[in-house]
Amino acid sequence: TPQSVVKLQTALEMNLCWNEIKKKSHSLRARLEAFSDHSGKLQLPLQEIIDWLSQKDEELSAQLPLRGDTAVSFCCAVHLQAFMEEVKSRGPYIYSVLESAQAFLSQHPFEELEEPNSESKDVSPRHRIQNISRFVWKQANVASELWEKLTARCVDQHRHIERTLEQLLEIKGAMEELSTTLDQAESVRETWEPIGDLFIDSLPEHIQATKLFKEELSPMKDGVKLVNDLAHQLAISDVHLSMENSRALEQINTRWKQLQTSVNERLKQLQDAHRDFGPGSQHFLSSSVQIPWERAISPNKVPYYINHQAQTTCWDHPKMTELYQTLADLNNIKFSAYRTAMKLRRVQKALRLDMVTLATALEIFSEHELQPSDRVMDVVEVIHCLTALYERLEEERGILVNVPLCVDMSLNWLLNVFDSGRSGKMRALSFKTGVACMCGTEVKEKFQYLFSQVANPGGLCDQRHLGILLHEAIQVPRQLGEVAAFGGSNVEPSVRSCFRFSNGKPVIEVSQFLEWANLEPQSMVWLAVLHRVTIAEQVKHQTKCSVCRQCPIKGFRYRSLKQFNVDICQTCFLTGRASKGNKLHYPIMEYYTPTTSSENMRDFATTLKNKFRSKQYFSKHPQRGYLPVQSVLEADFSETPASSPMLPHADTHSRIEHFASRYYAIGTRTGVKESSGILQGELRRLKWQHEEAAESPTLAEGSPESVQDPHSDELLAEARILRQHKSRLETRMQILEDHNKQLESQLHRLRELLLSPFSPLLPDEVEPKMQDVSVCLEDIMEKLRNAFPNSRGSRLKSPSLASYSSLR
C-alpha cells in the first residue's frame with residue numbers, strides 16, 4: 001500500500017541517517033581518542049621538565065653566598081662548571097619537548113575565552129579540547145621561563161665566582177706582600193736607639209732618616225688601602241672573607257697603625273729633642289731663672305716666665321723686673337737726656353753689651369745674613385744672633401759671661417722695645433738698631449752704621465728711610481718712658497731738621513747726616529749723652545765739690561763760668577742740690593775728662609768776662625747743649641711700660657725754679673721788678689702751652705702732613721688719648737687760673753715790700769724785707785708745684801724747655 005511504501009521509505013531514510021550519525025560518532029570518538037593520547041604524551045614530559053628545572057634552580061641558589069676563601073671559591077667554580085654541563089646536556093631534550101608542544105598548539109589552537117564553570121557537569125568536546133590546549137600552553141610557558149632563568153643564573157653565577165676568585169687571589173697576594181714589607185719595616189724599627197742615647201749633633205741626621213723612612217712607607221699605605229677596598233667590594237657583593245683571611249687582614253691593619261704611630265712619635269720626639277736641646281733650641285736658656293721661677297715658651301716661640309710660688313706669669317725676666325725697679329733710683333735726675341742716658345747705661349751694663357764692640361756685632365750680623373734690613377726675624381733667629389754675639393765676646397775678651405742670662409735678658413729688652421705686643425717678630429733693622437745703640441763704641445761710628453742701614457747703594461738716604469731709622473731709634477727712650485722729652489714719636493720734625501743740611505736736595509749724604517748728628521739733635525741727644533756718661537764713669541777730677549764737699553769728684557764735673565772756684569759734682573748738679581750761698585749759676589761748663597791747663601785758662605778768661613756781664617745778657621743768651629726741634633706737644637704715657645717707674649716732673653719747673661732763684665738773689669728794686677716780669681711772662685707762657693695742648697689734637701688731625709706721615713696711625717692714637725684727657729686739662733686750666741690769681745696777689749705784696757720810692761731802705765731794714773720776700777717766693781713755688789702734681793694723666797712736656805738740655 002502507499003502508506004506502507006511511505007513508511008518503508010521513511011524507515012530506510014532514518015536508517016541511513018542513523019548509520020550516518022553512527023559513522024560520524026565513531027569518527028569523532030577516534031579523533032578524541034587520538035587527541036587525548038597525544039596531549040597526554042606532552043603533559044607528562046612538560047611537568048617533568050618543570051620539576052627538574054625548579055630543582056636545579058634550588059640547587060643553584062644553595063651555592064650562595066660564596067665564602068671568602070680561595071680554595072672554597074675554586075671548589076665552587078668546579079662544582080658550578082659540572083652543574084652547567086649537566087644543564088647543558090639536558091638542553092636538547094627540553095628544546096624537543098617545547099617544540100612538540102609548539103607543534104601541538106599549532107594544530108589545536110584555542111581561543112582566549114573564559115574557562116567554563118567547573119560546576120557544570122556537561123562539557124562539550126570542543127571546550128574540552130581547548131582546555132587541554134590551554135593547559136599544555138601554560139606548561140610550555142612555565143618550562144620555557146624556568147629554562148631561560150636557569151641558564152641566565154648559571155652564566156651570572158659563573159661570572160660572579162670568577163670575579164670573586166680573582167679578587168680573593170689579589171687580596172691574598174697583596175696581604176702576603178704587605179706582611180713581608182711590614183716585617184722589614186718592623187725590623188728597621190727595632191734598630192732605633194732610644195732618644196736619650198742619641199748625641200745632640202746627630203739629631204738632624206736622625207730626623208732626616210726618619211722622614212725618609214716615613215716617605216718609604218707611602219707605597220705600603222697605598223697597599224693597605226687597596227686591600228681594604230677589595231674587602232669592602234667583596235662585602236658589597238655578599239662575599240664575606242673567611243675567618244682566616246679576616247684575621248690576617250685585621251692583623252695587617254693593626255701592624256700598619258702601630259708602625260705609623262711609632263714613626264710619628266719617633267719623629268715628634270726627635271724634633272722636640274732638637275728643638276729643646278739642638279743648636280736652635282731655647283732649652284739652654286732655662287738656666288737663666290732660678291726656683292721658684294720657670295721659663296716657658298709660647299706657641300710663637302716668645303718666652304714668658306712662671307712664678308710657681310705666687311702662681312703668676314709675666315713677659316719680663318725676673319732680673320729684668322729687678323732692673324726696671326733699680327732704674328727708679330735715677331728718677332731724681334732733673335735733666336731728661338742725662339736721666340735717660342744713665343738708665344740706658346745701667347741697662348747696658350746689666351746686659352753686658354757695653355763690652356761688645358760694633359765691629360764684633362757687624363761680624364755676627366754678616367754671619368747670620370741679616371740683609372736686607374727690612375726682613376723679618378723670629379725669636380729663634382734673634383736668639384741665634386745673641387748667642388753667637390756673647391760667645392764671640394767670651395772668645396775675644398777671655399772673660400766668663402753668663403751666656404743664658406745675657407741672651408735671655410737681651411732678648412727681653414729687645415722684645416720690650418720693638419715687639420711690646422709679643423708677636424714673636426721684629427725687623428732686622430730694629431734688631432741691629434737696638435744692638436748698635438747699646439754696644440760700647442764711639443757715637444760717631446754708631447751714627448755712621450745706622451745711616452748705612454737705610455742708605456741706598458750710592459750712600460744716599462731720602463726722607464722716608466731716615467724717618468724709619470729715627471723711628472726705630474726713638475723706641476729705645478720710649479721703653480723707659482722718656483720719649484716725650486725727645487720730641488715724642490713724631491720724627492717728622494727731626495727729619496726736616498736734618499734735611500736742612502742737604503742743600504735743598506731730596507737725599508742726604510752721610511757727611512751731612514753726621515754734621516747734623518754732631519749738633520746732638522733733640523731726638524738723638526740721649527745717644528751722645530750715653531757716650532759721655534760711659535767715658536765719665538772712670539774719670540776722677542782732683543777738686544772738691546762746692547756743695548757736698550766730695551773730693552775728688554768722680555764722673556762729670558761742672559764748673560761755674562760765673563763765679564771763681566765753684567765746682568759741682570754730677571750728683572749735686574743733676575739732682576739740683578745746692579748749699580747755702582752756692583746756687584746753680586749759669587753758665588756752667590761740663591767736663592767728662594780731666595781738665596787740662598789750657599782748658600783751665602780758657603775757663604778763667606770766660607769767667608772773668610762773665611763777671612762784667614749783666615744778668616740781662618744771660619737771659620737773652622740762654623745756654624742749650626742740643627739742637628731743638630719743634631713738634632706737637634703730646635702725651636706719651638699710653639706706651640710707657642708698667643714696669644718702668646713713673647718719672648717726676650721737676651724738669652717742667654726747672655726754668656721756673658731758675659727764675660725764682662735769680663729772683664731770690666736779687667737785692668735791688670730793679671732786679672725784683674725785672675724778675676717779677678719774667679715770672680709773670682713764664683706764667684703766661686705756661687697757660688698758653690696748656691691751651692695749645694688742649695687744641696693740638698684737632699690741629700694734628702687736620703694737618704695734611706700728618707696724613708702723609710708714615711707714622712700717622714701712631715700720631716692719631718696719641719691724639720685720641722689727648723682728646724680723652726681734654727676734660728682733665730680743662731680742670732687743670734681752671735686750677736692754674738686760680739693759682740695765677742694767687743700769684744698775682746703774692747707779686748703785689750712783693751711790690752709793696754720792695755718798691756717804696758719815697759722811703760729808701762736802711763741797711764738794717766734790708767734783711768727783714770728780704771726774709772719776707774723769701775717767704776713769699778717759697779709760697780709761690782709751693783703753689784707752682786701743687787699746680788703741676790705728679791700724675792700720669794698730665795704728663796705734658798714742652799720740647800722747648802731747658803729740661804731737655806744736655807749741658808756740655
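What is the relative accessible area of Cys 548, and does that make the residue buried, partly exposed or exposed?

Tutor: The model is a predicted one, in which local features need pLDDT of at least 70 and side-chain atom pairs count only at pLDDT 80 or more, while totals for chains, interfaces and linings use all residues. Residues are numbered from 1 along each chain as its sequence is written, and side-chain values use heavy atoms, with hydrogens and water left out.

Cys 548 has a relative accessible area of 30% and is therefore partly exposed, a class that lies between buried, under 20% relative accessible area, and exposed, over 50%, with a 1.4 Å probe and protein chains only. A disulfide is a covalent bond between the sulfur atoms of two cysteines. The count of disulfides here comes to 0, where the rule asks for a pair of cysteine sulfur atoms within 2.5 Å. Cys 548 is accordingly in no disulfide, and the nearest cysteine sulfur, that of Cys 545, is 3.5 Å away. Another cysteine, Cys 406, has a relative accessible area of 5% and is buried.

From the cysteines we can turn to the aromatic rings. A pair of aromatic rings is described by the distance of the centres and the angle of the planes. There are 12 aromatic pairs in the structure; rings of Phe, Tyr and Trp (its six-membered ring) pair if their centres lie within 6.5 Å, and planes under 30 degrees apart count as stacked, over 60 as edge-to-face and the rest as tilted. One of these pairs joins Tyr 95 and Trp 147 edge-to-face, with 5.7 Å from centre to centre and 80° between the planes. This pair links distant parts of the chain, since Tyr 95 belongs to helix α2 (residues 70-107) and Trp 147 to helix α3, 52 residues apart; helices (H or I, at least four residues) and strands (E, at least two) are DSSP runs, numbered from the N terminus. Tyr 95 is partly exposed at 45% relative accessibility, whereas Trp 147 is buried at 7%. Phe 556 and Tyr 558 form a tilted aromatic pair, 6.1 Å centre to centre and with 35° between the planes. Phe 556 counts as buried at 0% relative accessibility, and Tyr 558 counts as buried at 0%. Both rings belong to one aromatic cluster, formed by Phe 335, Tyr 338, Phe 556, Tyr 558 and Phe 573.

The charged side chains complete this part of the picture. Side chains of opposite charge can pair when their charged atoms come close. The structure holds 22 salt bridges, each being a side-chain nitrogen of Lys or Arg within 4 Å of a carboxyl oxygen of Asp or Glu. Glu 186 and Arg 255 form one of them, at 3.1 Å from N to O. Glu 186 lies in helix α3 (residues 125-190) and Arg 255 in helix α6 (residues 243-277), so this pair ties together parts that are 69 residues apart in sequence. Glu 186 and Arg 255 are both buried. A salt bridge also joins Glu 482 and Arg 339, at 2.7 Å from N to O. Here too distant parts of the chain are linked, with Glu 482 in the loop between α14 (463-479) and α15 (492-498) and Arg 339 in helix α8 (residues 336-350), 143 residues apart. Glu 482 is buried, with a relative accessible area of 1%, and Arg 339 is buried at 0% relative accessibility. In the salt bridge of Arg 375 with Glu 381, the N to O distance is 2.3 Å, and Glu 381 counts as partly exposed at 25% relative accessibility. Lys 56, Glu 59 and Glu 86 are linked in a network of salt bridges.

Three strands form an open sheet in the order β3-β4-β5, with antiparallel pairing; two strands pair if DSSP finds at least two bridges between them. The edge strands, β3 (293-297) and β5 (312-314), each pair on one side only. Strand β4 (residues 303-307) pairs with β5 in the antiparallel sense over 3 bridges, and Tyr 305 stands opposite Cys 314 in β5.
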